[in-house]
Amino acid sequence: MEFFIQQLTNGLAVGGIYALIALGYTMVYGVLKLINFAHGDLFTLGAYLGFTSLVSLGLADQLGVGAALALCVLLVMGLSALAGHVLERAAYRPLRKSGRLSAVVSALGASIFIQNAIMLLWGARDRAYPADLLPPMTVSIAGQPVPLIRLVVFAVSLLVMVGLYVFINRTRMGMAIRAAAIDQGAAKLMGIDVRRVVAVVFMIGPALGGLAGIMVGLSYGQINFTMGQLYGLKAFTAAILGGIGNIPGAMLGGLLLGLVEAFGAAYVSVAWKDALAFFVLILILVVRPTGLLPERVAEKL
Amino acid sequence: MLELIDLKVSYGPVEALHGLNLTVAEGELVTILGSNGAGKTTTLMAVSGLVPVRSGEIRFEGRRLDTLRSHQVVALGVTQAPEGRRIFGPLTVSENLALGAFSRRDRPAAAKRLRWVYDLFPRLFERQDQMAGTLSGGEQQMLAIGRALMSEPRLLLLDEPSLGLAPLLVRSIFQTIRAINQAGVTIVLVEQNARAALKLADRGYVLEVGRLVMAGPAADLLHDPRIQTAYLGGGPPAG
């Protein structure tokens, strides 16, 4: 039982992070049918921007922990959104009329570029988030002490997901995003500026990814310029698992993948943690390639 | 109201329209006829800004449309109900109609517009919470037209509204098109169903492989022997 509670909370926290990153993949795919392979590296960028604002700028000393974290989150989400926007303008928009493969190659190039830029800017060594920033508090669940940060990470990702869901379903821009995801040409005929929709999607995704980056830094303390590869690939798996292009699917896929990993590591072997995640990817591609919640297709011609 | 001047459109190296001249006056119902590949859909897509114009001009009330992007064309009051309907299948009927009004931020006006659309198409009112992709073909066509009307167009472009519909439904859709025109909306109707379109329209244009081959009042075209042979299935009398 002790083990179970630990792994459950751990899985939900990791899953929440996967889900946040997966949303970026799935939203871009939904509108452009493009896998933004540089998305994982924007997540890394977020983690490093968070590191800089907390450590180098020393926000916590000047403002207190709460205000510093809030400001850090806002700053990082804003800058990540900006980075996503620049990425779209530089790497994808010029290729909008070229074949799909050109955009994929451009995405891979952008990924390598961002990763190396981070290495040059912040160095190749691991960087550490301040360990004393958050007091090592625990909460008791079923008699088990669970680190508070896990619950915070899970709660924050859940909150953001609900917010995104409301945004997509209740706002004008959200409607435009949904319409463009279903049929870009028809969306244009409705008077929707699809170019703007694409720009917005390329800002929301990285903003959420940047937030995930901070949460990884706060949870595990260490960040590395290559960490976006593994997290990106896992989140991509989560997006596929839930059904790529589907927003609730990305949320579900992220949480499920986090739980599979946590319980797999606990009850099978820690060494098999990553292998299990990718086994899930292979399994879903073989058995149900549309994912658990496929894009709703109800076209009748 | 709408003026196409020596309009040329090409897809890659293939020219689809070789210099088309066409005008539509305010309040008119003009039909564009022609067989597959004649350039009818291309013409409407060029007006809506979905295919780039290679040379020539498109003017709407004196303003150049060919330099604008598609959402700006809609904002000026030119809306298209495209071929194949292109409704948003996974969304409900009312969500589709709400998207139609995307370019109009005035909510009371949109609500009024919605009542008008539901009056024109009572079936849509009955099915407003149904997923659009599950509607019948005729209902989907009603939705495509209703959705286009939600943007308060002054010029409505209809591309093959009768495609794939049973004759009875075609008649009902065409009656509604007439009603929309009589309500003051100028209409360009692209059709393969030449007879029905000419009976409805004021004037007609006939395209063949990207060129204008005939134009005139609809009644004249309807009785023109060349049109009858080519598009109305009435060959020369046997014997």
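What do the buried residues of H6(A) pack against? This is a predicted model, and the close-ups below start with that helix.

**View 1. Helix H6 of chain A and its surroundings.** The buried residues of H6(A) pack against helix H1 (2-32), strand S3 (144-147), helix H9 (194-220) and helix H11 (247-267) of chain A. Look for A:Arg150, A:Val153, A:Phe154, A:Ser157, A:Val160, A:Met161 and A:Leu164, which are the buried residues of H6(A). The helix itself covers residues 148-170, 23 residues in total. From first C-alpha to last, H6(A) reaches 32 Å, close to the 33 Å expected at 1.5 Å a residue.

**View 2. H6 against H9 in chain A.** Here the pair to look at is H6(A) and H9(A), whose axes come within 10 Å and cross at roughly 175 degrees. Angles over 145 degrees count as roughly antiparallel, so that is how H6(A) sits relative to H9(A). On the H6(A) side you'll find A:Ile149, A:Val153, A:Val156 and A:Val160. They meet A:Leu208, A:Leu211, A:Met215, A:Leu218 and A:Ser219 of H9(A). Sorted by class, the residues of this contact come out as eight nonpolar, one polar and no charged.

**View 3. Where chain A touches chain B.** Chain A puts 18 residues into the contact, and chain B puts in 21. On the chain A side, the elements giving two or more residues are helix H7 (172-182) and helix H8 (184-189). That side of chain A has ten nonpolar, two polar and six charged residues.

**View 4. The open sheet of chain B.** Four strands line up in the order S2-S1-S4-S5, with antiparallel pairing. Strand S2 (14-24) and strand S5 (63-64) stand at the edges with a single partner strand each, so one side of each has no neighbour in the sheet. Helix H1 (residues 40-47) of chain B packs on this sheet, touching S1, S2 and S4, and its direction makes about 70 degrees with that of S2(B). Zoom in on S1(B) and strand S4 (residues 55-60) and you'll see an antiparallel pair with five bridges. One spot to check is B:Glu3, which stands opposite B:Arg59 in S4(B).

**View 5. Strand S7 of chain B, covered on both faces.** Strand S7 (residues 155-159) is mostly covered, with five of its five residues buried. B:Leu155, B:Leu157 and B:Asp159 are on one side, B:Leu156 and B:Leu158 on the other. S7(B) pairs with S6(B) in the parallel sense over four bridges, and B:Leu155 is the bridge partner of B:Val78. S7(B) is also joined to strand S8 (residues 186-191), running parallel, by five bridges. In that pairing, B:Leu156 stands opposite B:Ile187 in S8(B).

**View 6. Two positive phi values in chain B.** Which way do B:Asp6 and B:Arg85 go, buried or exposed? B:Asp6, found in strand S1 (residues 2-11), has phi near 45 degrees, a positive value in a residue other than glycine. B:Asp6 counts as exposed because it has 12 C-beta neighbours inside 10 Å. B:Arg85 lies in the loop between strand S6 (78-81) and helix H3 (93-100). Phi of B:Arg85 is near 70 degrees, again positive in a residue other than glycine. B:Arg85 is buried, with 27 other C-beta atoms within 10 Å.

How values were computed. Residues are numbered from 1 along each chain as its sequence is written. Chains are lettered from A and ligands numbered from 1 in the order in which they are written. This is a predicted model: local features need pLDDT of at least 70, side-chain atom pairs count only at pLDDT 80 or more; totals for chains, interfaces and linings use all residues. The expected span of a helix is 1.5 Å times one less than its number of residues. A residue is buried if 20 or more other C-beta atoms lie within 10 Å of its own, exposed if 12 or fewer, and partly exposed in between; C-beta atoms are placed from the backbone. Two residues are in contact if their C-beta atoms, placed from the backbone, lie within 7 Å. Ala, Val, Leu, Ile, Met, Phe, Trp, Tyr, Cys and Pro count as nonpolar, Asp, Glu, Lys and Arg as charged, and the others, Gly among them, as polar. Two strands pair if DSSP finds at least two bridges between them. Axes are lines fitted to C-alpha atoms, for helices over the stretch in contact, and angles run from 0 to 180 degrees between N-to-C directions. Angles under 35 degrees count as roughly parallel, over 145 as roughly antiparallel, 65 to 115 as roughly perpendicular and the rest as oblique.
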